[in-house]
Amino acid sequence: MNSVQNVWDAVYQKIHDAYSPTAANTWFAGAQPLVMNSKQFKLQVPSDFQKEIILSRFYEQLSAIFESVIGFPIEIVIFSEEEQEERKRIAERIVDYTDITRHSLSQDDYTFENFIVGGSNKLAEAACRAVANHTEDSFNPLFIYGGSGLGKTHLLCAIRNSVRTKNPGMKILYLKGDDFTNEMVEAISQGVAARRAFREKYRYLDMLLIDDIQFIGGKESTQEEFFHTFNTLYEGKKQIVLTSDRPPKEIKTLEERLRTRFEWGLIADIQPPDVETRIAILNRKAQDLGVELTPEVADFIAQRLKKNIRQLEGAIKKLKALVILDHVEVNLTSAQTAIRDVLSDNVTVPMLIDRVLKEVSSYFSLTIDDLCSKKRSADIASARQIAMYLIREMADVSLAQIGDVFGGRDHTTVLHSVNKVEDEMETNPSLKRDVEEILHNVKAAGEEN
Ligand code: ADP
Ligand code: MG
C-alpha cells in the first residue's frame, strides 16, 4: 500500500462500511488525497462546511480508520478548496505587495535628511544630530525611547550613516539588543578565547549604538557583560546610544546598576506625531513612492492613523499597491481601504499562526514540528500550551481551528490549555514574563515586514 490514492481508496471503503451511505456520500464526497508522509495525511474537501463537519463529527473515527489501513497513527490534515483558494489569493497578493514595496528604505537609507522633524520628535532628533557631530559630550549615554514605529531605528541608523560618511575611520557599531545577547551566548559556549574576542570587539569601539536595549532585560549574564562594556566605553569617553520602547525605569528585570547608568546622560522620548507632522510625513513618503496625494486624502489618512509612523508609511504603500493592482484612483475610498488594510496589519491568520509557532519554538529552543507533534514531554507540552494561548489571544480563530494547527487536537483540549495558561499567569510571574516576552517578539516580528 504505497500511493496516497491507494490509502485513500481503502480508507474511503471503510468509511462506507462504518457510516450510513448518506453520511459517507454527503460529507466525504469530492474529497481528494493530497500528500502523505510518515506524519501527516493531507486531504482536501470542497467546502469549509464539509471540513468543519468532518473535524467535529468524524475526526476520531477517521483517525482510527487511517491507523487500521496504514498500520501506524497519522495526523490527518484537512483543507477545504475554499480555504486553499483564499490562501493562494492571499499569497499572490502578498507577493505582489512585496514586489511593489520592495524599494522601501533599507537601513542605509535612514538618514537625518529624510527624517521629518516635528514637536513630538525634535528633542530626540537634535540629540542624535549632536551626537553624530560630536558637538556634545554630556549626552552620554543618549537614551531614546518611544512607542513602536516612531522612528527610533531610523534615528540610530541616521547617526551611523552620518558618522560613516564624515568620519570613515571611526569604529562604530550598530546592533539590536537581542543580537548582543545571541553573540554573547555563542561566545560563552565557544570558550575563553571567543569570549575574549567578544569583549575586545566591543571595548575598542568609538561609538556603540544598541537598538531595542530592553531585550537584555532578564538576561543576567548578558547584563553582566554589558555592564563591563558600558563602563569601559564610558570611561574612555566613547559615545553610547541606546533605544528602547520604554524608559529605563520601566524595563523590568533590568539590573539597578545598569538602570542608573542608562540615566546618567540624556533621556529623550519620541511621542506620536501631531497632525501637521503626520501630513508632512505622508506627503514625503508619497513623493518618495511616486503616489499622487491630494491634500484631502492626506488629511483623511492623517486623521485616522495617529500613533505610528510605520502605519502612515504602510498606508501609502498600500495605496500604491491598490493603484497598480486594482487600478483604482487615489481618493477617499481607496484611502479608506488602505487604512483598513494597515490597521488590520494585513496579517493573515496563517501568517500570524506561523509567527507564533516560530517565536514560541525559538524561545524554548524547540522545533515547530515538536510543537505541533503529539509529543507529551513536559517542556514541549507547556510550550505548546503557550502557543495555543497566544494564537487564541492574537488571532480571530476558533478553538477547533487551533486544534487543527496542533495536529487535529480536540477543541476542548485547546480550551483547557488556554485556560490553564491564563490561570497560571496569575500566580506564576516567570510564566507571565515568558508569555509577555514571546508576545512582544511576535509583534516585533510583524513590524519588521
Ligand atoms: P521604531 O524603531 O521606533 O519602531 P522605525 O525607526 O523603524 O521605528 O520607523 C518606522 C518607519 O517609519 C520607518 O520606515 C521610518 O523610516 C519611518 N519614520 C519614522 N519616523 C519618521 C520621521 N520622523 N520621518 C520620516 N520617516 C519616519
Ligand atoms: Mg526599531
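User: How many aromatic pairs does the count come to here?
Analyst: Keep in mind that this is a predicted model. Two rings pair up if their centres lie within 6.5 Å. By this rule, the count of aromatic pairs comes to 18.

User: Let's take Phe 198 and Tyr 202: are their rings stacked, edge-to-face or tilted?
Analyst: Their centres are 4.8 Å apart, and there are 55° between the planes. Planes under 30 degrees apart would be stacked and over 60 edge-to-face, with the rest in a third class. With 55°, the pair of Phe 198 and Tyr 202 is tilted.

User: About how many helical turns separate Phe 198 and Tyr 202?
Analyst: Both sit in helix H8, which covers residues 192–203. An α-helix has 3.6 residues a turn, so residues three or four places apart point the same way. Phe 198 and Tyr 202 are 4 residues apart, so the separation is about one helical turn.

User: And is Tyr 202 buried or exposed?
Analyst: The cut-off for buried is under 20% relative accessible area. Tyr 202 has 0% relative accessibility, so it counts as buried.

User: Now Tyr 234 and Trp 264: how many residues apart are they in the chain?
Analyst: Their ring centres are 5.1 Å apart and their planes are at 50°, so this pair is tilted. Tyr 234 belongs to helix H9 (residues 220–235), while Trp 264 is in the loop between helix H10 (256–262) and strand E8 (266–270). The pair links distant parts of the chain, and the gap is 30 residues.

User: Over to helix H11: how far does it reach from its first C-alpha to its last?
Analyst: H11 runs over residues 275–289, which makes 15 residues. At 1.5 Å a residue, 21 Å is expected, and the helix comes close to that. Its reach is 21 Å.

User: Within what arc do the buried residues of H11 fall?
Analyst: Those buried residues include Ile 281, Leu 282 and Leu 289. What covers them includes helices H12 (295–304) and H13 (309–325). Seen down the axis, the buried residues line one face of H11, because they fall within an arc of 165°.

User: Which exposed residues does the face turned away from the buried side of H11 carry?
Analyst: Exposed means over 50% relative accessible area. On the face of H11 turned away from its buried side, the exposed residues are Glu 276 and Gln 287.

Notes:
Residues are numbered from 1 along each chain as its sequence is written. Chains are lettered from A and ligands numbered from 1 in the order in which they are written. This is a predicted model: local features need pLDDT of at least 70, side-chain atom pairs count only at pLDDT 80 or more; totals for chains, interfaces and linings use all residues. Side-chain values use heavy atoms; hydrogens and water are left out. Helices (H or I, at least four residues) and strands (E, at least two) are DSSP runs, numbered from the N terminus. The expected span of a helix is 1.5 Å times one less than its number of residues. Buried means under 20% relative accessible area, exposed over 50%, partly exposed in between (1.4 Å probe, protein chains only). The arc is that of the directions from the helix axis to the C-beta atoms. Contact means heavy atoms within 4.5 Å. Rings of Phe, Tyr and Trp (its six-membered ring) pair if their centres lie within 6.5 Å; planes under 30 degrees apart count as stacked, over 60 as edge-to-face and the rest as tilted.
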